[in-house]
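The sequence and structure come first, and the points follow by topic.

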Amino acid sequence: GDIALVINTSDTKSSVDDGKKIRQNVLRFKIPYFTTIRAALAAAKSLSTVQTGKALEVKSLQEYLNER
């Protein structure tokens, strides 16, 4: 029963109050929160890449340009 991730894509006027409550609680409980499916998918792909060990090494932009 734990919540690990929240995706709230509602955009109707009636959902404004619900959205506010959701945002307050995800911040309170430090739960990742996304407002678009595209952003949630990008985060999921990033996590998958890190877990499989295929993540890129962190470098400055200049370092990447010098490798060309």
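How many helices and strands does the chain have? In this predicted model, the chain has three helices and two strands. Their order along the sequence is β-α-β-α-α. With a radius of gyration of 17 Å, well over the 11 Å that the globule rule gives for 68 residues, the chain is more spread out than a compact globule.

**Dimensions and contacts**
- The C-alpha trace spans about 50 × 30 × 20 Å along its principal axes.
- Contacts between residues at least 6 apart in sequence include 61% that join residues at least 24 apart.

**Burial and surface**
- Buried residues make up 12% of the 68 in the chain; here buried means under 20% relative accessible area.

**Charge**

**Helix α2**
- Helix α2 covers residues 37-51, a run of 15 residues.
- From its first C-alpha to its last, α2 reaches 21 Å, close to the 21 Å expected at 1.5 Å a residue.
- After α2 comes Gly53, which has a positive phi near 80°.
- An α-helix has 3.6 residues a turn, so residues three or four places apart point the same way.

Methods: Residues numbered from 1 in each chain as written. Predicted model: local features only at pLDDT ≥ 70, side-chain atom pairs only at ≥ 80, totals over all residues. Heavy atoms only, no water. Helix = DSSP H or I, 4+ residues; strand = E, 2+ residues; numbered from the N terminus. Rg over C-alpha atoms; globule rule 2.2 N^0.38 Å. Buried < 20%, exposed > 50% of the residue type's maximum accessible area, 1.4 Å probe, protein only. Contact = heavy atoms within 4.5 Å. Expected span 1.5 Å × (residues − 1).
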